[in-house]
Amino acid sequence: MSHQVSVDLGATSTAAAVCRAGRAELMPLGTRSAFLPTVAFVNADRTVAFGQQAQALAPTDPGRVARQFTRRIGDPTPLRLGDASIPAEVLAARFVGHVLAQVAAKTGGAPTQVALTHPDAWGKHRLTSLRNALVAQGLGAVVFLSAAQAAAEAHASRMRVPAGRVVAVADLGGSAMTATLVRATPDGRFAQAGAPEEVEIGGLDLDEVVFEHVRAAVGPAWDQLDPADPALAAGFARLRTECELAKEALSANTDVQIPVELPGIDTSVRLTRAEFEELIAPAAAELAAALERVIGDADPVAVLLVGGTARIPLLTQVVSAQLNRPVTVAADPQGEVALGAALAVGRVQAPPEEPTKVEVRPMPADPVALPAPDRPPLPVVVSPPADKRSGRLFGLPRTTVGIAAAALVATLAGGTIALASYYRPSGAGADTGTSVTSTVDTTTPRTTTSTTTPEEPVTTTQRRRTTRQAPPDTTTTDETTTTTTDTTTTTTDDTTTTGTTTTEAAAPEDHVAPVTDTGGTTDAP
């Protein structure tokens, strides 16, 4: 049976979903969950490891690891990883190719269509840079969707959204939180209905809050640690993982014990949910305020929280109280965007004269060395999530990590990519279920009144900075203001929503079989 695949390429983690005959399900990518860390590591032989294997290799040589490289897409200065230099978009395209290869191995063949999600605030330059890199990797066609569009698609598969009505989406990612408004168009699609607003606080910052709580609890013994001790870096890496797990556990538990195993320190630190919520209250208030500004005078039919951080109960409570309206959190908020993108691309129908083909190239068996740079590397600062501590977060200090970068030329051409839009045929009806697991059934189409494809939305970004100092930027290619054009005809609807927070039923834990992740070693260009 033919199938379509979506890849939700996040700054810190990546998800993939498969759609067959209108049903979408997440595909397991990691060993502990369905999600793969968005991390790359360039080996000494210039082969590239991805995901959990890259994470495992990172402490051996931090200068060869790349985290949050999706935030550098469109930057003309390439990343410098060891003695190799590679543009961020090329590394991202390689990562997508690795994910598609994993999915193809599990499904038994290449997909007929591929959807790739991107942050709502991305402009044309970033999308074009990534498109060109994907073409060079042999992908025949990729449909781009914003995270908010994909999240609204997933929601509309369960609750009908009338044409003309808007949906508010808060994407709570690892590196930032973005609030966006999207409108249901007459042909059943979703178009951006205003400028998104990005709050530069993400799940990594909340991890840092937990880390600083541990540091304060350890007390003077922490100050006696020797920075030159080679065991300290590995100990800090383990502790940061424990802090992340503690943050996640507090979504269900009232308290956690965080083990601390550092040179000369072997203890544990208790953290209660009440203490954690007090520490992150400023972040929750900032998110709620951003959503309120984005919504303005609009009357959204739903307010959705997606992303792994959406599991934190306090965020849902604060947003619902601030907006005085119900808030919906999916059963698996971290996989919601991937599921919605798979459902959207599952309805794509290519023109008969131009059948869509997607080529997933196998990973080469032998490593291929990167060409040496033609000129000395240019200095560039990269902020890996595991070490993102620049500035101060809620009064807590952090350090920065920098690596150098050099220029690289390696551009291949070929193929086409559908940019910033997606397509599906008209239909009638809709499912009206109230819960979702990792499998979504959308075999019943929704009512539409037009099949006109609206113009490609162009976003204007409003960015609000918190107390965290942003890393130095060496490029001016990341536009923050453009013009928004909306040609969709708005229809009225008297439907309103009242009440408080609603959280959809949790998905069963055994819906995805664990699969060992080999790390996907491949060669750098």
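Trainee: Which residues touch the most other members in the largest nonpolar core?
Mentor: Leu239 and Leu291, out of 48 residues in that core. A nonpolar core here is a set of buried Ala, Val, Leu, Ile, Met, Phe, Trp, Tyr and Cys residues joined through side-chain atoms within 4.5 Å. Buried means under 20% relative accessible area, exposed over 50% and partly exposed in between, with a 1.4 Å probe and protein chains only.

Trainee: Which helix gives the most to this core?
Mentor: Helix α8, residues 273-295, with 10 residues. Helices are DSSP runs of H or I with at least four residues, strands are runs of E with at least two, and both are numbered from the N terminus.

Trainee: Where does the core lie relative to the domains?
Mentor: Domain 1 (4-202 + 280-347) and domain 2 (203-279) both contribute residues, so the core lies between them. The domain bounds come from an automatic or database assignment.

Trainee: What does Leu291 touch?
Mentor: Leaving out residues up to four places away in sequence, Leu291 touches Ala168, Val169, Ala170, Ala179, Val303, Leu305, Val319 and Leu323. Contact means heavy atoms within 4.5 Å.

Trainee: What kind of model is this, and how are residues numbered?
Mentor: It is a predicted model, where local features need pLDDT of at least 70 and side-chain atom pairs count only at pLDDT 80 or more, while totals for chains, interfaces and linings use all residues. Residues are numbered from 1 along each chain as its sequence is written, and side-chain values use heavy atoms, with hydrogens and water left out.

Trainee: New topic. How many aromatic pairs are there?
Mentor: The search of the whole structure finds 5. Rings of Phe, Tyr and Trp (its six-membered ring) pair if their centres lie within 6.5 Å; planes under 30 degrees apart are stacked, over 60 edge-to-face, the rest tilted. Phe211 and Trp222 have ring centres 5.5 Å apart and planes at 80°, so that pair is edge-to-face.

Trainee: Is Phe211 buried or exposed?
Mentor: Phe211 is buried, at 5% relative accessible area. Trp222 also counts as buried, at 11%.

Trainee: What sits over the ring of Phe211?
Mentor: The charged end of Arg240, 3.8 Å from the ring centre. The criterion is NZ of Lys or CZ of Arg within 6 Å of the centre and within 35 degrees of the ring normal.

Trainee: And strand β5, which way do its side chains point?
Mentor: In β5 (residues 39-42), Val39 and Phe41 point one way, Ala40 and Val42 the other, and all are buried.
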